Amino acid sequence: MDYTIRTPSFADYDRVMELLIEMANYNELTELHTPKWSAKNEKAIANLITECARTGIFYVGEVDGKIEAIIIGAIFPNIWLQDVKWLREIAFWVSNRAKHTKLGLRMVLKYKERALEMVEAGYIDNFVITSLEKLPVEYEKFGFHKIETNYAWSK
């Protein structure tokens, strides 16, 4: 298998959206399932993706030339200390076709590598990554440590 991780182009937008929908449908929160993209949502998502590509992290992962994974990180100020900037992973998904390959591992390592460069440059103060409860990832293997667990009320 040939793996490539790269910054996406506008030509990749439809495939990125397909992967975001797969991720939404996998989530335990049913209100995210089968999202209906209104023009307003579509524009907001396009703006967010553009902003992440410009200031944060946005990579697609390919297996044999086909996009099978995404990882997106956005920069946010800490809610309590606005001058503290964190890079937060807001989307990480590997398609079923590539789930049991090395692509996910390579995506996490690329995210961490770029985030460390951003810390060293003083652009961000720290970075975080998430894991869905249904799809746990042992991020401790990569030097991360658990700092928070979120709970949601479900219908």
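Q: Is Phe144 buried or exposed?

A: Burial is read from relative accessible area: buried means under 20%, exposed over 50% and partly exposed in between, with a 1.4 Å probe and protein chains only. Phe144 has 14% relative accessibility, so Phe144 counts as buried. This is a predicted model, in which local features need pLDDT of at least 70 and side-chain atom pairs count only at pLDDT 80 or more, while totals for chains, interfaces and linings use all residues. Residues are numbered from 1 along each chain as its sequence is written, and side-chain values use heavy atoms, with hydrogens and water left out.

Q: How many aromatic pairs does the structure hold?

A: A pair of aromatic rings is described by the distance of the centres and the angle of the planes. Rings of Phe, Tyr and Trp (its six-membered ring) pair if their centres lie within 6.5 Å; planes under 30 degrees apart count as stacked, over 60 as edge-to-face and the rest as tilted. The structure holds four such pairs. In one of them, the ring centres of Phe127 and Phe144 are 5.8 Å apart and the planes are at 85 degrees, so this pair is edge-to-face.

Q: Where do Phe127 and Phe144 lie?

A: Helices (H or I, at least four residues) and strands (E, at least two) are DSSP runs, numbered from the N terminus. Phe127 lies in strand 5 (residues 126-128) and Phe144 in the segment after strand 5, so the pair ties together parts that are 17 residues apart in sequence. Phe127, at 12% relative accessibility, counts as buried. Phe144 also forms an edge-to-face pair with Tyr139, at 5.9 Å centre to centre and 65 degrees between the planes. Tyr139 is buried, as is Phe144.

Q: Which residues do ring pairs link into a cluster?

A: The cluster consists of Tyr111, Phe127, Tyr139, Phe142 and Phe144.

Q: What lies over the face of Trp93?

A: A charge sits over a ring if NZ of Lys or CZ of Arg is within 6 Å of the ring centre and within 35 degrees of the ring normal. Here Lys99 lies over the face of Trp93, 3.9 Å from the ring centre.

Q: At what angle do helix 1 and helix 2 pack?

A: Two packed helices are described by the angle between their axes and the distance between the axes. Axes are lines fitted to C-alpha atoms, for helices over the stretch in contact, and angles run from 0 to 180 degrees between N-to-C directions. Helix 1 (residues 13-26) and helix 2 (residues 39-55) pack at about 105 degrees, with their axes 12 Å apart. The two helices are therefore roughly perpendicular; angles under 35 degrees count as roughly parallel, over 145 as roughly antiparallel, 65 to 115 as roughly perpendicular and the rest as oblique.

Q: Which residues make the contact between helix 1 and helix 2?

A: Contact means heavy atoms within 4.5 Å. Helix 1 contributes Tyr13, Val16, Met17 and Leu20, and helix 2 contributes Glu42, Ile45, Ala46 and Ile49. Ala46 is partly exposed, at 24% relative accessibility.

Q: What is Thr55 in contact with, leaving aside neighbours within four places in sequence?

A: Thr55 lies in helix 2 and is in contact with Ile75, Met118 and Tyr123. Thr55 counts as buried, at 14% relative accessibility.
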